[in-house]
Amino acid sequence: MDNYIVSARKYRPSTFRNVVGQKSLTTTLKNAIASNKLAHAYLFCGPRGVGKTSCARIFAKTINCQHLTPEGEACNECESCRAFNEQRSLNIHELDAASNNSVDDIRSLIDQVRIPPQVGKYKVYIIDEVHMLSAAAFNAFLKTLEEPPRHALFILATTEKHKILPTILSRCQIYDFSRISIADTVEHLQYVADSEGAQAEADALNVIAQKADGGMRDALSIFDQVMSFTGGNITYQAVIDNLNVLDYEYYFRLTDAILGGKVRDCLLILNEILNKGFEGQNVITGLAAHFRDLLVCRDAQTLVLFEVGASIRERYIAMAAHCPDTFLFKALELANACDLNYRASRNKRLLLELTFIQLCQLSAPSPEAVPKKNTIEPVPVPGNPPAAPVSTSPVTSPQSSARPVQTAGRPLVQQASAGQASPSITLPSSTPSQVAQPKAAAAKIGISLKNIGKEKEQPAAGAANGNRSQPVMNAVFSQEDLVRCWDAFAARIEEKVYLKNTMINCRPVLVQPAVFEVAVHNPGQRDELQNGSAEILEFLRHNLRNSAIRMEVRICETNEKHLAYTSAEKFNLLLEVNPAIAKLKDEFDLRID
């Protein structure tokens, strides 16, 4: 039985024409050979499996060929070419720097460089994984690399250019090899499949190319693996089953469920995927890539960034038309955040499920705006009757603020709003039923900043066509009652931390029966209290049963006059605290600047 040779070795390029995906570099090398302008040292760098070592061998073979073709390729017929093809050439030496990285190995190489070639014009030394050389080996190699004999030529290959000393880089011509595109990889895999007599679907080869991540050697290794699995009939389903790749269909199903806001369908699809043995992080990274592909498919200019088979391309374009840009931007942000937090999460499945719930909420229809009732619990004040809870509602439009109120055994009662929503009031059973009519003249919408903290003028009884006016409360309260309600409001604050700290540090002082003053330490605290005065006064008026409560804010005089101390003022202040400082100043003959 013949010895089996893997495709990565069997179809390794032997001429520049057969190198895949590096046309600009091969053209440069061929022109240098044709014009006889060869450098003494080259550095080939780039990702794995993109043809660095193969190009180095082809270059070494071509420069020693005795009969170049008109295209600048090796003839494969002269003695030098035959010796290279039969792996018996004495002019080409390969060194693996990963296992020969000491100073002694480099010294042995330098001794070989002095010997001229027996056949051909050049002796070529290919050093693979050159970044593995030690610093001492690099330094020993510097002089020879800069001024080698005329017959010597060095080709260094590495995947990590940043690890090579700058002194080495400055002595080489640097060629950066790029990743092989998916289209070029698919084309070469199709050529290999035809050469092997195998049937391969275009989508199947596309999945192999994406899995290879730009490396032709990886692509050919995966191709051999799938060939053994399918027996020569390479289908899309066989490839995703063998490589444990998540099918596009799952991503389309998830996207449909997300666009429809179907949380339960998303959770069921996720459970199905996880039961097949897929890692959760692969699911979320694949979904993020899916959203990215949908985004680039929304514009003809960015469609060139989308590299998939022709059959699946139309489906992506059709679905991208139903995905707004704002949805895709937010979806990509959520998927990326989940990917970053996945490894640190202790409950990884819950993190995935929460992400899908958030994704479904991006496109779910927003529920009708329902005013949130924020009930203020009354604070008991000695001597005053307990107040009923007040329900505050957000400001609404005048049309939506007039809402019917239904009481037991009574007709609907409407309350007109003058620019803001009034608290909902349930009529007592002893009060005769009244129907509030809309005001004849619409009031101005909005609240003036000048009127914050001032009591609104109460309408006269029976005014406005029989509208019920709010009762005026004028209960008497003490300093202790004021402080108690002040602290109660501060304890309720959760988000406005600066306002809460200001209320804790600055205490109210009752200066008149319904007027209190707050002394603050800086303008920032004053602005914070003024901005929150509406809520503070509403709370105090309700709990202290007094509608005329007003608040005055001022900055302490000491802070106004002494915002900063001079050196002499600081010394005098310390002297008041400790008179012994004066003796210390006299003994050491200190002076104050």
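**Figure 1. Ring pairs join Tyr42, Phe44, Phe59, Tyr175 and Phe177 into a cluster.** The model is predicted: local features need pLDDT of at least 70, side-chain atom pairs count only at pLDDT 80 or more, and totals for chains, interfaces and linings use all residues. Residues are numbered from 1 along each chain as its sequence is written, and side-chain values use heavy atoms, with hydrogens and water left out. Rings of Phe, Tyr and Trp (its six-membered ring) pair if their centres lie within 6.5 Å; planes under 30 degrees apart are stacked, over 60 edge-to-face, the rest tilted. The whole structure holds 15 aromatic pairs.

**Figure 2. Tyr236 and Tyr248 form a stacked pair.** Their centres are 6.2 Å apart, with 5 degrees between the planes. Tyr236 belongs to helix α11 (residues 236–243) and Tyr248 to helix α12 (residues 248–259), twelve residues apart. Helices (H or I, at least four residues) and strands (E, at least two) are DSSP runs, numbered from the N terminus. Both tyrosines are buried (under 20% relative accessible area, 1.4 Å probe, protein chains only).

Figure 3. Phe291 lies in helix α14 (residues 280–296) and Phe327 in helix α16 (residues 325–342), so the pair ties together parts 36 residues apart in sequence. Phe291 is buried, at 0% relative accessible area. Phe327 is buried too, at 6%.

**Figure 4. Arg315 lies over the face of Phe252, and Lys348 over the ring of Tyr342.** A charge sits over a ring if NZ of Lys or CZ of Arg is within 6 Å of the ring centre and within 35 degrees of the ring normal. Arg315 is 4.2 Å from the ring centre of Phe252. The charged end of Lys348 is 5.0 Å from the centre of Tyr342.

**Figure 5. Strands β12 (residues 508–512) and β13 (residues 515–520) run antiparallel.** Four bridges join them; pairing takes at least two DSSP bridges. A hairpin of two residues connects β12 to β13. Gln512 stands opposite Val515 in β13.

**Figure 6. The lining of the second largest pocket includes residues of α9 (202–212), α11, α12 and α14.** Each of these elements gives two or more residues. α14 gives the most, with eight. The lining has 28 residues; Gln210, Val245, Tyr251, Gly286 and Ala289 lie nearest the pocket centre.

Technical notes:
Buried < 20%, exposed > 50% of the residue type's maximum accessible area, 1.4 Å probe, protein only. 1 Å grid on protein atoms, 1.4 Å probe; cavity = no way out; pocket = protein on both sides within 12 Å on 5 of 7 lines; lining within 4 Å.
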